Amino acid sequence: MAMGGSVHSRWRATRAVAVALVVVAALAVLFVVLLVLPGMVVDHDLAGGHLAAADRMNAVNNVRTTLLQAIGGAVVLFGAYATWRQLRVSQDGLNATREGNVTDRFSRAVEQLGSDKLDVRIGGIYALWRIADHSARDHEAVVSIMAAYLRTHLPWPPQEPGAPAADASINSVRPLETRAADAQVALTCLGVLGQERSPGWLNVSFADLRRADCDGLWLNGVNLDATCLEAASVYQVNLSGASLIEANLRHAELGTSILHQVRCLEADLRGARLVKADLREADFSGADLREANLRKARAHGAVFVRADLRLADLRGCDLGGADLRHARLEGALASDLTIWPNGFDIDAAGLVISEDPGAEPDVLLPAAAITRPIPPLLSA
């Protein structure tokens, strides 16, 4: 203890001596600059010439004034630099403190996701959502956590106790917002943050999203392979570039959604509503689209190889440039406004030509707690 005090005292003494030496050196330099140097400058400029004493004194004072102004300017510049350095140090400290606070909040929010209390889990999701809104570097991590949360908390087929069975009638399944409110919040968070998400693959495959509310979300580029979205509301959703291979989309509401270049291979879209949806260059190879409503949909360049479109409503649908090889179209409705690929044989396809229904009304979406009854499929 005494040894430590002795070392500290010696350090303070050394520091005091160093400060004193610096002050003495500064005073010496100032003495030379203000008292000696002006006379030397004047004598140098005279180059051996002579001036009256008063004139020489005025010249020396002028040089001294100039030097004082230069020293004052240097002091101001040094003060400005010192202030800037201090601000930088303070800002770095504030940033470090802020990053530490964000890290602590992030850790606490992630811990809340594992709680057995629903309200605590929802609070953790909203906390992560807020962090992602204010911290760009945590944005991608939060989106990935939301995707993992959906996969692990709502697996398909269902594994959790009390979850509706996989073969349960969809009319007996409650909306996601009422049967798993935390999962609905996570899905909404993922879809809202998706608007600012960097392009990349996001895995939400094999999830139970029956009767989920996805309206207006950004799910572009998301992997939804083998996910069950039966009777889900996917209205005005951006699904461009998403993968829905072998997904269950029976009776899903996909009106006016963007499915540009989406992959729906072998997907089940029976009874799905795709009115005015953007299906350009989408791949529906082997998909089941029986009784699906594609009125006024834009499916230019889409692939329907081996797809089942029996009893589908294709009135006003743009199928120009679509690949309909080996597609089944018996009993499908078409109108004079339906656009077909060049060389397509309408008579051989077994279509039913009907009057076009005209303009499509906007969809009136019910409240989440109200389950719209799903009629049985005629082709089941």
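## An exposed arginine in a loop

Let's start with Arg306, which counts as exposed because its relative accessibility is 52%, and the cut-off for exposed is over 50%. Keep in mind as you look around that this is a predicted model.

Arg306 is found in the loop between strands E2 and E3. Its backbone is worth a look too: phi is positive, at about 60°, although Arg306 is not a glycine.

With a relative accessibility of 47%, Glu266 counts as partly exposed.

Is Ser233, in turn, buried or exposed? Ser233 is buried, with a relative accessible area of 17%. Its place is in the loop between strand E2 (222–223) and strand E3 (333–334). Leaving aside residues up to four places away in sequence, Ser233 touches Ala212, Asp213, Cys214, Asp215, Glu253 and Leu365.

## Helix H3 against helix H4

Now turn to the helices. H3 (residues 118–134) and H4 (residues 136–153) pack at an angle of about 150°, and their axes are 7 Å apart. The two helices are therefore roughly antiparallel to each other, and H3 passes H4 in a left-handed crossing.

On the H3 side, the contact is made by Arg121, Ile125, Leu128, Trp129, Ile131, Ala132 and His134; they meet Ala136, Asp138, His139, Val142, Ile145, Met146 and Tyr149 in H4. Sorted by class, the residues of this contact are ten nonpolar, two polar and two charged.

## A closer look at H4

How far apart are the end C-alpha atoms of H4? They are 26 Å apart, which agrees with the 26 Å that its 18 residues should span at 1.5 Å a residue.

Several H4 residues are buried, among them Asp138, His139, Val142, Met146 and Tyr149. Val143, Ala147 and Leu150 are buried as well. Beyond H4, in the loop between H4 and helix H5 (176–179), you will find Pro157. The peptide bond from Trp156 to Pro157 is cis, with omega near 0°.

## Helix H3 against helix H6

H3 also packs with helix H6 (residues 181–193), at an angle of about 10° and with axes 9 Å apart. That angle makes H3 roughly parallel to H6.

Here the H3 residues include Leu118, Ile122, Tyr126 and Asp133, and the H6 residues include Val185, Thr188, Cys189 and Leu193. The contact of H3 with H6 has twelve nonpolar, one polar and three charged residues.

Terms used
Residues are numbered from 1 along each chain as its sequence is written. This is a predicted model: local features need pLDDT of at least 70, side-chain atom pairs count only at pLDDT 80 or more; totals for chains, interfaces and linings use all residues. Side-chain values use heavy atoms; hydrogens and water are left out. Axes are lines fitted to C-alpha atoms, for helices over the stretch in contact, and angles run from 0 to 180 degrees between N-to-C directions. Helices (H or I, at least four residues) and strands (E, at least two) are DSSP runs, numbered from the N terminus. Angles under 35 degrees count as roughly parallel, over 145 as roughly antiparallel, 65 to 115 as roughly perpendicular and the rest as oblique. A crossing is left-handed if the near helix is turned anticlockwise from the far one by less than a right angle, and right-handed if clockwise. Contact means heavy atoms within 4.5 Å. Ala, Val, Leu, Ile, Met, Phe, Trp, Tyr, Cys and Pro count as nonpolar, Asp, Glu, Lys and Arg as charged, and the others, Gly among them, as polar. The expected span of a helix is 1.5 Å times one less than its number of residues. Buried means under 20% relative accessible area, exposed over 50%, partly exposed in between (1.4 Å probe, protein chains only).
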